[in-house]
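The structure comes first, then the account.

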Amino acid sequence: MTNFNTAYNIAPADNAPITLPTAASVPSLSSSAMLVHLSIGVWTASKKDKVASAEAADSHGADRKLARTYKTLIDSPKLETLKSLVVRIHASNRNATMDWAGDMRLLTTANYMKHTAMLTGFESEFWQLVDDFITTDYRWGLTTMQVKLGTLFNPADYPSEAELRRKFRFEAKYMPVPDAGDFRVDIANEAADVLREHYEKVYKDAIESAMQGLWQRLYGTLNIMSRQLAVTTDADGKVKKGRIFTSTLDAMRDLIDMLETCNLTGDPKMQRMQRQLAAALDGIDDVKDLKDEFVREDTKRAVDEAIANLPSLDF
């Protein structure tokens, strides 16, 4: 089961770079955001065969340390589906959170319930697929693999069903964001001051990175949407309309929500951008609404204006 540990805009016309408040003036994140760490483990179903590796190296006159033969232990569509699900889960987690440090992601308290509901649904799907894989493809696939692997088949490579289940993991941990300067360590004052100054910089840089990452995600989605809304004419005078995808519209809506709930510094440029884009998509409930020539043209104009008004970004 999931380990849910709860411990606790529009830029100026000159496109000036994003300027964030100093560490001293940045509001505390401890009450408005938290850190989340998502860890998911899946059995690789792959193993190095030492004997086959040595034979392959010797037959080609290669150094045994440089030649390795790996074998796939089970041919399972369900396991591949499970791996694809994990990729989708991590992508959804990244889209719902912001950059922080390493594998840690920053999640606003406003999005906490939505985030936990999302992971709870994914966890249920994950363990259902694990059970389906073990009780079908794994349980009944060993005989088939003995034929497919031939002399490479080794029963010792296959764990029991109970051992196999322990090789899968789904764990989400929520932790508080430590306040800048909160160093509870018993060291000399001078050293503590150095540490505090260092962490304040790390803290400020992390906030700046989170906000920058949100702007960059918005930039990417706006550009995709602009291209999909474009109407062009080729050399023969034939008019071509781009195809707008539901996934693009959904991603844009999600980002509009994040501009409101994830504005950690209360950036007025981000607030204005959020209002502008929300107004631009108001009344557009489905991509079919964009088939209307005038709606499409107005939306394209609003998207392009938003791109032009984005802060300068360092990519």
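E297, D298 and R301 are linked in a network of salt bridges. A salt bridge here is a side-chain nitrogen of Lys or Arg within 4 Å of a carboxyl oxygen of Asp or Glu. The whole structure holds 15 salt bridges.

This is a predicted model: local features need pLDDT of at least 70, side-chain atom pairs count only at pLDDT 80 or more, and totals for chains, interfaces and linings use all residues. Residues are numbered from 1 along each chain as its sequence is written, and side-chain values use heavy atoms, with hydrogens and water left out.

Three of the pairs are listed below.

| Pair | N to O distance |
|---|---|
| K148 and D75 | 2.7 Å |
| R253 and D250 | 3.3 Å |
| K269 and D267 | 3.5 Å |

Helices (H or I, at least four residues) and strands (E, at least two) are DSSP runs, numbered from the N terminus. Both K148 and D75 are exposed. Exposed means over 50% relative accessible area, buried under 20%, and partly exposed in between (1.4 Å probe, protein chains only).

R253 and D250 sit 3 residues apart in helix α6 (residues 246-261), separated by about one helical turn. R253 is partly exposed at 27%, and D250 is partly exposed at 34%.

K269 is buried at 12%. D267 is buried at 6%.

S226 lies in helix α5 (residues 189-229). S226 is buried, at 10% relative accessibility. Beyond its neighbours within four places in sequence, S226 is in contact (heavy atoms within 4.5 Å) with K300, V303, D304 and I307.
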